[in-house]
Amino acid sequence: SLGNSLGSFTSYGLGRLGKASWLRVKEEDLLRWQAKIQKWGPFLGLWAWIPLIGDPITVALGLFRAPWRLSFVMITIGKVIRFVSILWLIRT
């Protein structure tokens, strides 16, 4: 979980260093993501464990300047819950 979380923190940091104008996405998609980040903020980090959408979530959290401490906590909680769930499923 720790290594997985560190990877997400790297994605967050890259988003934080980036600029929205660098992205090759439609402006409406960018505005939609910005609205989600403004509405849900760091709590979207709980979903960072999901394949294919987890990395874009963490990059968007950084890009739109979600509070980093709470983002890191939520990302880590999501990653731990995933691995605990997998272990629980294996043991049952």
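Is the crossing of α1 and α4 left-handed or right-handed? It is a right-handed crossing, and the points below put that into context for this predicted model.

1. **α1 against α4.** Helix α1 covers residues 2–17, and helix α4 covers residues 68–91. The two pack at an angle of about 145°, and their axes lie 9 Å apart. On the α1 side, the residues involved are N4, S5, S8, F9 and Y12; on the α4 side they are W68, S71, F72, I75, T76, K79, R82 and F83. Sorted by class, the residues of this contact are six nonpolar, five polar and two charged.

2. **α1 against α3.** Here the angle is about 45° and the axes are 6 Å apart. With that angle, α1 counts as oblique to α3. This crossing is right-handed. From α1, the contact takes in S8, S11, Y12, G15 and R16; from α3, D55, T58, V59, L61, G62 and L63 take part. The class count for the contact of α1 with α3 is four nonpolar, five polar and two charged residues.

3. **α2 against α3.** Helix α2 runs over 27–40 and α3 over 54–63. Their axes come within 10 Å of each other and cross at roughly 80°. Given that angle, α2 is roughly perpendicular to α3. L30, W33 and I37 of α2 meet I57, A60, L61 and L63 of α3. What classes of residue make up this contact? There are seven nonpolar residues, with no polar and no charged ones.

4. **The largest pocket.** Its volume is about 180 Å³. The lining consists of L23, V25, D29, L30, W33, P56, V59, A60, L63 and F64. Both α2 and α3 supply at least two residues of that lining, and the largest share, four residues, comes from α3. By class, nine lining residues are nonpolar, none is polar and one is charged.

Notes
Residues numbered from 1 in each chain as written. Predicted model: local features only at pLDDT ≥ 70, side-chain atom pairs only at ≥ 80, totals over all residues. Heavy atoms only, no water. 1 Å grid on protein atoms, 1.4 Å probe; cavity = no way out; pocket = protein on both sides within 12 Å on 5 of 7 lines; lining within 4 Å. Points joined across faces, edges and corners; volume = space filled by probe spheres on them. Nonpolar A, V, L, I, M, F, W, Y, C, P; charged D, E, K, R; others polar. Axes fitted to C-alpha atoms, helices over the stretch in contact; angles between N-to-C directions. Parallel < 35°, antiparallel > 145°, perpendicular 65-115°, else oblique. Left-handed = near helix turned anticlockwise from the far one by under 90°. Contact = heavy atoms within 4.5 Å.
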